[in-house]
Every structure is written in structure tokens, then in C-alpha cells.
Amino acid sequence: MLAEEDYQAPVPRFQRIFELKLDRIKAFYEAGGGGLITLGTDHPSWGEYLAPFGVHRELQAFVRAGIPEAAALRIATINGARAVGRGDRLGTLTVGKWADLFVVRGNPLADIRNTRNVEWVMVRGELHRAAALREAARGTVGPDDAAAAEAFKPDRGP
């Protein structure tokens with residue numbers, strides 16, 4: 001599990017916006033909108049926020065906002081499947097649905113950050129060790145060299 005010091009420090013100019021968003025999403029949830037919230041971002045990636053890893057950050061943000069862990073997991077699964085019109089095939093563990101899922105070490109209902117501890121991944125009914133998938137992808141994601149890596153860095157501004 002990552003320690004707090006392992007997380008990137010927030011960009012100061014966006015910290016206030018982030019805190020306002022936490023308040024708004026919690027208010028929307030408490031007003032009965034929980035079934036309409038999904039994961040997703042319009043944040044561009046410079047290579048430091050690759051989409052699959054951003055999901056874990058977003059789940060943590062929901063819980064930080066005060067949304068219970070179980071509801072955050074429903075937002076990531078059931079709500080997302082419904083939002084893309086595939087609730088009939090995705091979003092829950094049900095006989096006849098597509099078997100894409102991941103198994104984590106630790107209980108995400110006790111600490112949502114446990115979703116980062118992926119041990120197994122099932123894709124199209126085939127089970128894979130997460131470590132083997134990460135190793136197979138090594139060197140295939142992100143910039144190819146130091147010059148390209150520089151272009152991936154965000155403009156943090158003043």
C-alpha cells in the first residue's frame with residue numbers, strides 16, 4: 001500500500017478547485033444523485049495520470065469527499081456500465097455477463113486504496129496474474145526516450 005508521502009503533491013492552483021469539487025460531489029450524492037455519478041475525467045494525461053491508474057485516484061477522491069467505500073465501488077462498476085448502455089453485460093458479477101474483473105489484496109470497503117493492490121485480472125474469462133501483465137507491458141507505455149518524456153510533463157505554471 002502507498003504511504004501518503006508516495007503521492008504526488010497537489011498543484012496549488014488546482015487544490016481549491018479540487019476541494020470545491022469534493023463538496024459538490026458529496027452534496028449531489030447526498031441529494032440522491034448517487035446512481036448518476038460515474039468515474040471519468042476530462043483531465044488530459046501527460047503520462048503521469050494513465051487512465052487505469054486515474055481510476056484509483058478518483059475512487060479515493062470520492063471517499064475523501066465523504067462518499068462511503070461501497071458507494072464508490074458501485075459508482076465505478078454498476079453506474080459506469082449503465083452510463084455506457086451496457087448494464088446488461090457489465091457492472092456486476094452475474095451469470096451470463098462478461099467476466100472482466102480484478103481481485104485485490106485487502107478490503108476496499110475498509111480502505112478504498114486497497115483497489116490499487118491488484119493481484120489477479122480476469123479478461124474475457126481468462127485469469128492472469130497482475131504482476132505478469134505489468135511486466136509484459138513494461139516499456140510499451142509512455143514516452144520512448146528522455147526527449148519524449150520531457151513533452152509528457154505537465155505545465156505546472158506559477
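First, a cut-off I need for what follows: a residue counts as buried under 20% relative accessible area, as exposed over 50%, and as partly exposed in between. I also keep in mind that this is a predicted model.

**Entry 1: a pair around Asp-88.** I looked up Asp-88 and found a salt bridge with Arg-86, where the closest N and O atoms are 3.7 Å apart. Is Asp-88 buried or exposed? Its relative accessibility is 52%, so I call Asp-88 exposed. Arg-86 comes out at 32%, so I put Arg-86 down as partly exposed.

**Entry 2: the other salt bridges.** I wondered how many salt bridges the structure holds. The count is six. One of them joins Glu-19 and Arg-64, with the closest N and O atoms 2.8 Å apart. Glu-19 sits in helix α1 (residues 12-30) and Arg-64 in helix α2 (residues 51-65), so this pair ties together parts that are 45 residues apart in sequence. With a relative accessible area of 30%, Glu-19 is partly exposed. Arg-64 has 51% relative accessibility, so I noted Arg-64 as exposed.

Next I checked Glu-119, which forms a salt bridge with Arg-105; the closest N and O atoms there are 2.1 Å apart. Glu-119 belongs to strand β2 (residues 118-123), while Arg-105 is in the loop between β1 (101-104) and β2, so the pair links parts 14 residues apart in sequence. Both partners are partly exposed: Glu-119 has a relative accessible area of 26%, and Arg-105 is at 46%.

**Entry 3: helix α3.** I then turned to α3, which covers residues 69-83. How far apart are its end C-alpha atoms? They are 20 Å apart, and since 15 residues at 1.5 Å a residue should span 21 Å, the two values agree. I also found a bend in α3 of about 40° at Ile-75. Ile-75 is buried, and so are Ala-71, Ala-72, Asn-79 and Ala-81 in this helix. A handy rule while I look at such a list: an α-helix has 3.6 residues a turn, so residues three or four places apart point the same way.

Definitions and conventions
Residues numbered from 1 in each chain as written. Predicted model: local features only at pLDDT ≥ 70, side-chain atom pairs only at ≥ 80, totals over all residues. Heavy atoms only, no water. Helix = DSSP H or I, 4+ residues; strand = E, 2+ residues; numbered from the N terminus. Expected span 1.5 Å × (residues − 1). Bend = angle between axes of the 7 residues up to and from the residue. Buried < 20%, exposed > 50% of the residue type's maximum accessible area, 1.4 Å probe, protein only. Salt bridge = Lys/Arg side-chain N within 4 Å of Asp/Glu carboxyl O.
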